[in-house]
Amino acid sequence: MTELTLDQYRRDCVIDPALPQDDHGAKIENVDNGCGPISPERYFSEEWAELERTRLWNRVWSWACREEDIPEPGDYVTFEIARESFIIARGDDMRIRAFYNVCPHRGNRLVTDEDGARPAGFACRFHNWRFDLAGNNIEIKDRETFRPEALCRNADLRQARCETWEGFVFINMDKGAPSLLEHLGPLVEHAKPYRISEMRIMRRVQAVWESNWKIGVDGFNEAYHVHSIHPQILPIFNDYHAQIDLFPNGMSRMTTKFAHQSPRMNQDGLNPGLRWLMEEVGLDPDSFAGRMEEVRPAIQKAKRAMAERLGVDWSGFTDNQLTDDWNYDIFPNIQLGMHPEGISMLYFRPHKTDPRKFVFDVIVMMHPQESGAIKAPAYMGLPEGWDITGRKPAEIERVDWREGGLGELFDQDASLFADVQLGMESESYEGAILSEQEQRIGHFHAELERYLGLRS
Ligand code: FES
Ligand SMILES: [Fe+2]
């Protein structure tokens, strides 16, 4: 492999140098967040977890559900983050609202199930106060026994902010936070060709992993570990020359070439992985006369022709988007691997009480199809023959990480992260030392430290 100098790595890892600067795929100017160390106590200390509860989770946008999860008035889901629980409900006016899942009378949890339908509104099972779908109190049992000054207090459900983007419903406890769309910044425009609002969750697998949530975010924010943990994808994945862009609000993007052999392989000719990708789009590897680097453009061309044949509109995508992984990190805890065929969404939530665990959702979204002609990229782990008609909402499949079931790539990471957690807690460990391949980790932690008041 020809190694780059540090300057070349920072400057020249660009997927398509010909793109004009105003194209959404163009590399933006580097942001220098330093190179560590990242202090280790953030991955295990109770104090740090408490700081995140009081300065992060109550100030950021958190994804709660999809709009299609609650199509009718009275439909609701509950959503938990840190120690809070919310009811996300559709009102008679079709508006979606987020209520703190707390009865204002004596503080009972109002709803204890994950989802359901209550077209008549919510009743508290402690003393039967009732609330309509806009959160207004509509009945105080035995009202005559309350003194007037007790009843001048607010008896309605308390609301959090609730905003949507491409069908995702987000909540925010901070009344002063910038809007969801402002927070998402460039992604709002960049995501348009994917038509995510028309996609549906085809599979959602959830597992509790034995590490801090940030070990998960960090691990999926770099491709540096791929050659060591996931060598099976090197034949089709250029892990080394990733284009990294650091955007405002802690967001980052890493674009990596698929259908392009890793330079670590030093192997001539079409490897079996590239041959398989070609066959998948109807190209015959045996009669392919081009060089190995020409496989990716050939696949892009074949994909465009396939979309046209199937009557699918992929005209808004650049050629690179047809093959490559465009991975966006939405601060603080969502990563989207974006492809025209589908989106892999990774969701990292802290465990309610244990900073050494996190709740991990691996989600695959696609446009509903009857034919199954368009397949999700193999790394997403969608089993062969999976129902992608979108007719049935995907139930959350809860699995034990030790038993696998998230797909080969994710299962490889699960066993690793538990060991990272153990190592980080050693007295000898002084904190992460970051390469330029790991810039996104530094960018994420800089934003986190700003939220926690530890950096200006
Ligand atoms: S706590 Fe809800 S009605 Fe009393
Ligand atoms: Fe990994």
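This is a predicted model: local features need pLDDT of at least 70, side-chain atom pairs count only at pLDDT 80 or more; totals for chains, interfaces and linings use all residues.
Among contacts between residues at least 6 apart in sequence, 62% join residues at least 24 apart. I then looked up burial and found that 38% of the 456 residues count as buried.

**Entry 1, overall form.** I counted secondary structure elements next: the chain has 12 helices and 18 strands. The radius of gyration came out at 24 Å, close to the 23 Å of the globule rule for 456 residues, so the chain is as compact as a globular protein of that length. I also took the extents of the C-alpha trace along its principal axes, which are about 85 × 55 × 45 Å.

I looked up the contacts between them: 10 residues of domain 1 are in contact with nine residues of domain 2. On the side of domain 1 that touches domain 2, strand E11 (200-209) and strand E16 (342-350) each supply at least two residues. The largest share of that side comes from E16, with three residues. I sorted that side of domain 1 by class and got six nonpolar, one polar and three charged residues.

In what order do the strands of the open sheet lie? I read the order as E12-E13-E14-E15-E16-E17-E11-E18, in a sheet of eight strands with mixed pairing. At the edges I found strand E12 (243-246) and strand E18 (396-398), each of which pairs on one side only. Ignoring direction, neighbouring strands of the sheet are turned by 15° against each other on average.

I looked at one strand pair in detail. E14 and E15 run antiparallel and are joined by five bridges. Trp326 stands opposite Met338, a residue of E15.

I then checked which helices pack on the sheet and recorded two. Helix H6 (residues 213-220) touches E11, E15, E16 and strand E17 (358-366). The direction of H6 makes about 150° with that of E16. Helix H12 (residues 439-451) also packs on the sheet, where H12 touches E12, strand E13 (252-256) and E14. The direction of H12 makes about 15° with that of E12.

Most residues other than glycine have a negative phi, and most peptide bonds are trans. The peptide bond from Gly36 to Pro37 is cis, with omega near -5°. Pro37 lies in the loop between helix H1 (6-12) and helix H2 (46-55). Phe331 and Pro332 are also joined by a cis peptide bond, with omega about 0°. I placed Pro332 in the loop between strand E14 (325-330) and strand E15 (334-339). E14 and E15 are the antiparallel pair with five bridges from the sheet entry.

I noted Met94, where phi is near 70°, a positive value in a residue other than glycine. Met94 sits in the loop between strand E3 (84-90) and strand E4 (96-100). Is Met94 buried or exposed? I counted 9 C-beta neighbours inside 10 Å, so Met94 counts as exposed.

Asp142 is another non-glycine residue with a positive phi, near 55°. I found Asp142 in the loop between strand E8 (137-139) and helix H3 (148-151). Asp142 has 8 C-beta neighbours inside 10 Å and therefore counts as exposed.

Ala302 is in helix H9 (residues 295-310). Ala302 has 17 C-beta neighbours inside 10 Å, so Ala302 counts as partly exposed. Which residues does Ala302 contact, leaving aside its neighbours within four places in sequence? I listed Val281, Gly282 and Leu283.

Methods
Residues are numbered from 1 along each chain as its sequence is written. Chains are lettered from A and ligands numbered from 1 in the order in which they are written. Helices (H or I, at least four residues) and strands (E, at least two) are DSSP runs, numbered from the N terminus. A residue is buried if 20 or more other C-beta atoms lie within 10 Å of its own, exposed if 12 or fewer, and partly exposed in between; C-beta atoms are placed from the backbone. Two residues are in contact if their C-beta atoms, placed from the backbone, lie within 7 Å. Ala, Val, Leu, Ile, Met, Phe, Trp, Tyr, Cys and Pro count as nonpolar, Asp, Glu, Lys and Arg as charged, and the others, Gly among them, as polar. Two strands pair if DSSP finds at least two bridges between them. Axes are lines fitted to C-alpha atoms, for helices over the stretch in contact, and angles run from 0 to 180 degrees between N-to-C directions. The radius of gyration is taken over C-alpha atoms; the globule rule is 2.2 Å times the number of residues to the power 0.38.
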